[in-house]
Amino acid sequence: MSCYISLGNPQLPGIIGLLNYRPETARPLCELAETLLRRDEGLTPLEREWIASYVSYLNNCHFCHTSHGAATCAHAGQSVDMIDEIEKGPASTQISPKMRALLVIAGQVQKGGKYVTEAAIQDARAAGATDLEIHDTVLIAAAFCMYNRYVDGLHTWAPAEREAYQEEGHQMAFEGYLRHF
C-alpha cells in the first residue's frame, strides 16, 4: 500500500515524507516538536519523548510511536527494546510516580480533551507534578494526536522493525527537529 498522495520522494517514511512534500508546513511543525520535546524545563527531554511515544502508541501510529520511542531510548542510553516499557504506560515499573500520573493525563487527552479529570490532575500534583509539567503533558499529548493523524491520515509507510528507527531516534534526541532547515 502506498501514501494517499503523490509525495516528491516516496522513499521517505512517515512524517519525514510529508515534511519533505510540504516544506512551508514542515517548518512550523518541526518548530513545535522542537519546543515541546527538547526543552529541559520541568519535564526532561526523555520524559517528553516518552509521553509523545506513549500517546502515539495509544493512537496506533507505528511511525511516531517507534521513532519517538527510539528517541526516548537514546536519551536513556538503552536499546530500542525499552520501547516495551513505553507501551506499558502508567503500569511501567521504570518510571516515577509523577511520570505515571502524567501518563494517565496523557492517555485521557488522547481520548479527548474533555476526558481529562480533575482527579487525574490532583493525582499528578500529589505525585509532585508542577503546573508547567501538567501543561506540557497536555500539550504534548494533544500535539501528538495531531501528528499521528497527519501521518496515518495520509497513509504514509513506516518500517516495521524497531531497529530501523535507532539512528533517527538518536538524531531527534541529540540534534533536534530543526536539523533539516
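Let's start with Arg-27, which counts as partly exposed at 36% relative accessibility. Here, buried means under 20% relative accessible area and exposed means over 50%, with partly exposed in between (1.4 Å probe, protein chains only). This is a predicted model, where local features need pLDDT of at least 70 and side-chain atom pairs count only at pLDDT 80 or more, while totals for chains, interfaces and linings use all residues. Residues are numbered from 1 along each chain as its sequence is written, and side-chain values use heavy atoms, leaving out hydrogens and water.

The side chain of Arg-27 meets that of Glu-31 in a salt bridge, 3.1 Å from N to O. The term stands for a side-chain nitrogen of Lys or Arg within 4 Å of a carboxyl oxygen of Asp or Glu. Both residues sit in helix α2, four residues apart, or about one turn of the helix. Helices are DSSP runs (H or I, at least four residues), numbered from the N terminus. Glu-31 is partly exposed too, at 33% relative accessibility.

## Other charged pairs

By that rule, the count comes to eleven salt bridges. One of them links Glu-34 to Arg-38, with the closest N and O atoms 2.9 Å apart; Arg-38 is partly exposed at 29% relative accessibility.

Another joins Arg-125 and Asp-131, whose closest N and O atoms are 2.8 Å apart. Arg-125 is partly exposed at 39%, whereas Asp-131 is exposed, with a relative accessible area of 53%. Elsewhere, salt bridges with shared partners tie Asp-84, Glu-87 and Arg-162 into one network.

## The enclosed helix α4

Helix α4 runs through residues 62-76, and twelve of its 15 residues are buried, so the rest of the structure largely encloses it. Among the buried ones are Phe-63, His-65, His-68 and Cys-73. Their cover includes α1, α2, α3, α5, α8 and α9.

The length of α4 works out as well: at 1.5 Å a residue it should span 21 Å, and its end C-alpha atoms are 20 Å apart, which agrees.

## Asn-148, tucked into α8

Asn-148 lies in helix α8, residues 131-153, and is buried, with a relative accessible area of 2%. Leaving aside neighbours within four places in sequence, Asn-148 is in contact (heavy atoms within 4.5 Å) with residues including Val-55, Ser-56, Asn-59 and Cys-64.

With Ser-56, the Asn-148 side chain makes a side-chain polar contact at 2.9 Å. That term covers a pair of N or O atoms within 3.5 Å; within protein, one must be able to donate a hydrogen and the other to accept it, and residues adjacent in sequence count only if both atoms are side-chain atoms.

Conventions
Helix = DSSP H or I, 4+ residues; strand = E, 2+ residues; numbered from the N terminus. Expected span 1.5 Å × (residues − 1).
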